[in-house]
Amino acid sequence: MAPPRNIRNLGILAHVDAGKTTLTEHMLFLSGSIQSIGRVDKGTSLSDKLEVERRRGISVQASTLSFMWRDVQFNIIDTPGHMDFSAEVERTLRVLDCAVLVLSAVAGIQSQTKLIWDALSDLKIPVLLFINKIDRIGADSALLIERIRDEFSSDTVLLNQPEREGESDATVRDLFDEETPDLIETIVARDDQLLEHYLDGLAPSKSALSKVLRQGVKERQLFPILCGSAKNNVGTEAVMAAIAAYFPNAGNDTAAPVSGVVFKLGNDPKAGRIAGVRLFTGRLKNRDIILNYTAGREEKITQIKKSFKNSYEDTGILEAGDIGFLCGLPDVQIGDVLGEPGPVPGNYRLTEPILSAQVMPKDKADYALLGEALTHLSSEDPHLNFQWLSEERELHVKIMGRIQMEILTEILNTRFGIDAAFSEPTVIYKETPVRAALGEESYTMPKPCWAIVKFHLVPGPRGSGVSYHSEVGVNDIKQKYQSEMRANVHEALKQGIKGWEVTDLEIVLVEGNDHVLHSRPGNFKLAMNIAILKGLTEANTALLEPILAFRIVAPEEYLGKISSDIIEMRGLFDPVKMADGHFALSGRFPLATSMTYAIRLSAITGGKAKLSTYFDGYELCPEGAGVSRAYKGISPLDRSKYILKMRGAITAA
Ligand SMILES: Nc1nc2c(ncn2[C@@H]2O[C@H](COP(=O)(O)OP(=O)(O)OP(=O)(O)O)[C@@H](O)[C@H]2O)c(=O)[nH]1
Ligand SMILES: [Mg+2]
């Protein structure tokens, strides 16, 4: 029998432009997978394979690349750093066992870096930090390490150190090899026995140090830091060696039943839809029939591939711990669990789209084609939440920002051959009940129909989302109707009385009954939708607005102007930090008031300020500041028309 494989499922994560793709490219080269090193700036790197990625030198999609190095199999996922594409990072987080967080020695910690660090902490994923770009003027790894210790963790282990930092020929000194006292002391402090020996004057062996380090990394007690210059291939091999030596091996439980999750949908010109899958346990072969647990159906795998050098190659087999690509699942969706759900970790919510835009074809004749293309893109990126409003002939998507709109425009053009334009994006507000209230509905006419329901709506704490439960027994409302309502909660709250999704509330079914003869499937859903909107009218709702966390670094002389801008935008900030003639300001401001601030800031400071932001939750909107909108479609509050429409839909179905 073949020995168990040694697999690292590894994410390369960072803020935009930190050098993730460059690092990935060099690792591929060092592994012998490619014969020459591609360059992001020349559009020749392997992970930026989309046409728009190559032209713009920015990653838009997460790319999976597998290769062998020494006896270790690397499955690397190179993720995009721009906040507009955070959804790609989010989908990747579910399948990682370890991560390299890349930082730029020049740009330092950015908002996006902090967001990713927090996500990795929540998910307990071991991390190695790579401080890149030590060859650039202004590189200051010592300052950055101080900040990392301050803001992320003090349990860092510096494995190498830059020499001639800030010069184009900057290089590194291996501190582990040299066994410097600092390094030894950080590591032995984690192991009582080693520490005792060390204090007695006994130097620990390298392998003993490695062992403690490996254990510490796995348990997130220690975070190795390596410095380098990915572009000049400095420190890159040390990153690979550290990945192989200190990161955990993915499980090898091939004997257990199949359990996996779909984290990515790709399109191959030849093979059609390809599903990226992380297998946690079991083994899959070509032509295996598997249960799609989420969809509740069985499907036949036609071909299993792996992504070597970013082209898919047939392997015919996928084993526990590994990442592969399955063909033959035409209706599979992102997030679908294959086989047993037990070993699959939950989905992590990193971000959510906070802008909405309408997409319009330049040529009206492309309308249906555009709708289909957006349906397709929305299955690859469910955050787009594509809505096709057929009555209004409108196509709406949710997005993260303007760069994403530009990229989508290009993708629609190059991949689908459609010329399309986006409307000016608008802020997605939400609404929440102001006070507790009851909402009821008796839908008993015209027969046949019967659904009587009464809900108690109770406001919940900010960020709590929606919870639902029923206090009505199955003697009053049969289980199947109760299930119908439970499944309908999301739908019922899609549009509140101000036209936005309703959140942060508890819904309790407190009374109601069905009728042995007259109740029909769909009756309770209809009654629930009316009752909930009546309840919301009774409670009244307040608008919630998306808030961004920001970080601004700029020359001192702009502090007065910038801080007064932030106050004007209804923002708040933490105490200012000054260093080297610059200040750093962190805080939060509403999206609605800051949408064009990046451009304004650049104009004010002549491009000398850096602003980074990320979505940081919804907050109550001050009176008069938000925007309500009309209900799209026929509102359940327009009761008679709504009932007619719903009955029509039921007869039509
Ligand atoms: N001087 C210098 N430039 C680097 C280094 N690493 C990367 N770069 C440059 O930095 C830019 C961004 O590099 P990428 O590898 O695309 O960065 P990324 O993190 O993949 O960027 P996104 O995926 O778009 O977030 C490119 O112009 C690279 O050539 C380095 O070590 N030194
Ligand atoms: Mg990249």
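**From one loop outwards**

Author: Aspartate 17 is placed in the loop between β1 and α1, where helices (H or I, at least four residues) and strands (E, at least two) are DSSP runs numbered from the N terminus. The model is predicted, so local features need pLDDT of at least 70 and side-chain atom pairs count only at pLDDT 80 or more, while totals for chains, interfaces and linings use all residues. Residues are numbered from 1 along each chain as its sequence is written, and chains are lettered from A and ligands numbered from 1 in the order in which they are written.

The phi of aspartate 17 is positive, near 70 degrees, although this residue is not glycine. Most residues other than glycine have a negative phi. Aspartate 17 counts as buried because it has 20 C-beta neighbours inside 10 Å (20 or more is buried, 12 or fewer exposed, in between partly exposed, with C-beta atoms placed from the backbone).

Helix α1 (residues 20-30) makes the greatest contribution to the shell around ligand 1, namely three residues. In total, 23 residues surround the ligand, with Gly19, Thr21, Thr22, Ser59 and Gly81 the closest; the C-beta atom must lie within 6 Å. By class, the shell holds seven nonpolar, nine polar and seven charged residues (nonpolar: Ala, Val, Leu, Ile, Met, Phe, Trp, Tyr, Cys and Pro; charged: Asp, Glu, Lys and Arg; polar: the others, Gly among them).

Strand β1 (7-14) leads on to helix α4, since the buried residues of α4 pack against β1, as well as α3 (86-93), β4 (98-104), β5 (127-132), β31 (541-555) and β35 (610-620); contact requires C-beta atoms within 7 Å. Those buried residues of α4 include Ser111, Leu115, Trp117 and Leu120. After α4 comes lysine 124, with a positive phi near 55 degrees.

A positive phi is found elsewhere too. Aspartate 580, in the loop between β33 (577-579) and β34 (582-590), has a phi near 55 degrees. With 10 C-beta neighbours inside 10 Å, aspartate 580 counts as exposed. Arginine 393 likewise takes a positive phi, near 50 degrees, in the hairpin of β21 and β22, where four residues lie between the strands.

Strands β21 (residues 387-389) and β22 are antiparallel and share three bridges (at least two DSSP bridges make a pair), and glutamine 387 has histidine 396 as its bridge partner in β22. Strand β20 (residues 355-361) also runs antiparallel to β22, joined by four bridges, and glutamine 358 stands opposite histidine 396.

Most peptide bonds are trans. Proline 446 lies between β26 and β27, and the bond to proline 446 from methionine 445 is cis, with omega near -15 degrees. Proline 448 lies in the loop between β26 and β27, and the bond from lysine 447 to proline 448 is cis, with omega near 5 degrees. Strands β26 and β27 belong to an open sheet of four strands, ordered β26-β27-β30-β28, with mixed pairing. Its edges are β26 (437-443) and β28 (466-470), each with a single partner strand, so one side of each has no neighbour in the sheet. Strand β28 runs parallel to β30 (residues 505-513) over five bridges, and valine 466 stands opposite leucine 505.

Notes. Two residues are in contact if their C-beta atoms, placed from the backbone, lie within 7 Å.
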